[in-house]
Amino acid sequence: MKTLWNKYRYLMFRRTTQIGLLFLYFGANAWGWEILMGNLSSSLLFGTIPLSDPYAALQMLAAGAILATDIIVGALIITVFYMIIGGRAFCSWVCPVNIVTDAAALLRRKIRVDEFAKRQPASRNMRYWVLGLSLIISFLMGIAAFEFISPISVLHRGIIFGFGFGWAAVLIVFLFDLLVLKNGWCGHICPLGGFYSLVGKFSLIRVKHTQENCTECMKCKVVCPEGQVLYMIGKESIPVLSGECTNCARCIEVCDDNALGFSIRELVKNKKVGD
Amino acid sequence: MQKLPMKMKSKTENNRRKFILRMARGAGITALGGFIWSAYVDEVTASQLILRPPGAIMEDDFLRTCIKCGLCVEACPYDTLLLAKPGDNKPLGTPYFIPRDIPCYMCPDIPCVPICPSGALDEPSVTTDGKLDINIAEMGLAVIDRETCIAFWGIQCDACYRACPIMGKAITVEYSKNERTGKHAYLTPLVHADACTGCGLCEKACVTEKASIFVLPKEVAMGKAGSYYIKGWDKDDEKRLEDASSIKSTTEISKEKAIDSLNSDMEDLY
């Protein structure tokens, strides 16, 4: 039981946060709860505090919309929040698509898809291209372009307001991740992930590697959805500084040797100077 | 020793070629993706026949301003408002309503509007003298099909008139003689565009199998006379003449005098 807890504690926290937030949103529409209303595009916390998706706001700006105060304030709150706790913490702790793509990644490992699909023919930088493209299309079409195709919104809105054919989009993301490209959606294409990678570039909360403890079992690299950020494993005792790290903490809990843990960026720096 | 630089040179050249190829491939995929993406967005936002919540700004601005959060949908106490989901063939995630299913009941406090964070639902547009006023909302305009409306057959029905929340202003009943029977009257509904909010209560109430009075977006339902027609009997409208300027256009038939042109075989008119 204790090992189960040790191996999955962050995963359980994450799923609790993700599903808990969904439940609050769902309750707001179904039973009129006023804790967290709206959806991930824009919400109202406790009926007063506005929260908005800064990437959606950016697209609206590119599309030539006049941003209302609530949207600007809401987007700023969210941006500052993720600048502190790690940009892509959104991806692994809030975004409902993460549950879908994690499931695909797990199944992919279990049925060993990678053994016959070794090549990863796509670059993880694609998301920044998609991000740029979304802003260009928003500008040219006068409309927030990604918001009209986002499977994140489709899934999230679907759960709260009803799916329609939305499940098909979710199924496509699942199958794409399972059979076409490992970590395909979240790790390669999703421009929201790309956006939060940039937001979280200088965030405070970081995973830190202690090389002295590492036995190079590489379990962390197997579970990591953004394997490239763990390039230092077994080589250097440094924090994971890439904004692409989602702070999902799977690497921390699968590590049997206490070689990975959360740290706060500034403190880490000072310690190094002190040494 | 001479071979080495040659080899290095070919290697850098190879790298450069690879780099250029990779960039070209990236640009190609981006262009293709961008094209499909834009085409899709253009297609899904082209839907004109959509009724928006009260206070909604012009459709083009609405589409770029609405953040698709669904707060208006949650605020609606009658579950009138829906968020467009895949398969609805409406711009994805934007709020709309179907009056025949659930019309807008025109709450005096209009809960769906003040909660909108983005300004896509504009509070001032439904405010009179500092107070919310649902009666000035313009969600759409009710249109009557005189062929299928049974009141126009001579059967007495005033369901829409009775259902209208602005009864007597948005819908009135007109009397006329029924020449077919010679002794009965037609009591037919008439919609007044200046008062109708497009709430759809009439559409909901209509007794025919498929509603014979139905709400359309105002831009779809109404024509436009154009600025060159002036109501000469209306003093305010005639004021527009004061700063009017004329444009003289010349065509093939303006070479001759008008009367000559009319006396010719009219060939040149066609």
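Student: How many residues of chain A are in contact with chain B, and how many of chain B with chain A?
Tutor: Please keep in mind that this is a predicted model. Two residues are in contact here if their C-beta atoms, placed from the backbone, lie within 7 Å. With that cut-off, the contact between the two chains involves 32 residues of chain B, and on the side of chain A it involves 45 residues.

Student: Which helix of chain A supplies the largest share of the side that touches chain B?
Tutor: The side of chain A that touches chain B has 27 nonpolar, 15 polar and three charged residues. Of the residues on this side, six come from one helix, which covers residues 151–161, and this largest share belongs to helix 8 of chain A.

Student: How is chain A divided into domains, and which helix gives the largest share of the side of domain 1 that touches domain 2?
Tutor: Chain A is split into domain 1, residues 2–199, and domain 2, residues 204–274, and the C-alpha centres of these two domains of chain A lie 24 Å apart. Their contact takes 22 residues from domain 1 of chain A and 16 residues from domain 2 of chain A. Several helices of chain A each supply at least two residues of the domain 1 side, among them helix 3 (69–85) and helix 11 (191–199). The largest share, seven residues, comes from helix 1 of chain A.

Student: Is chain B compact or spread out, judged against the globule rule?
Tutor: Chain B has eight helices and eight strands. For its 270 residues the globule rule gives 18 Å, whereas the radius of gyration of chain B is 30 Å, well over that value, so chain B is, in comparison with a compact globule, more spread out.

Student: What percentage of the contacts in chain B between residues at least 6 apart in sequence join residues at least 24 apart?
Tutor: The C-alpha trace of chain B spans about 115 × 70 × 40 Å along its principal axes, and buried residues make up 31% of the chain. Among the contacts between residues at least 6 apart in sequence, the share joining residues at least 24 apart is 65%.

Student: Is Val191(B) buried or exposed?
Tutor: Val191(B) is placed in strand 7 of chain B, residues 184–191. Leaving aside residues up to four places away in sequence, Val191(B) touches Ala142(B), Ile144(B), Ala170(B), Ile171(B) and Cys196(B). Because Val191(B) has 20 C-beta neighbours inside 10 Å, this residue counts as buried.

Technical notes: Residues are numbered from 1 along each chain as its sequence is written. Chains are lettered from A and ligands numbered from 1 in the order in which they are written. This is a predicted model: local features need pLDDT of at least 70, side-chain atom pairs count only at pLDDT 80 or more; totals for chains, interfaces and linings use all residues. Helices (H or I, at least four residues) and strands (E, at least two) are DSSP runs, numbered from the N terminus. The radius of gyration is taken over C-alpha atoms; the globule rule is 2.2 Å times the number of residues to the power 0.38. A residue is buried if 20 or more other C-beta atoms lie within 10 Å of its own, exposed if 12 or fewer, and partly exposed in between; C-beta atoms are placed from the backbone. Domain bounds come from an automatic or database domain assignment. Ala, Val, Leu, Ile, Met, Phe, Trp, Tyr, Cys and Pro count as nonpolar, Asp, Glu, Lys and Arg as charged, and the others, Gly among them, as polar.
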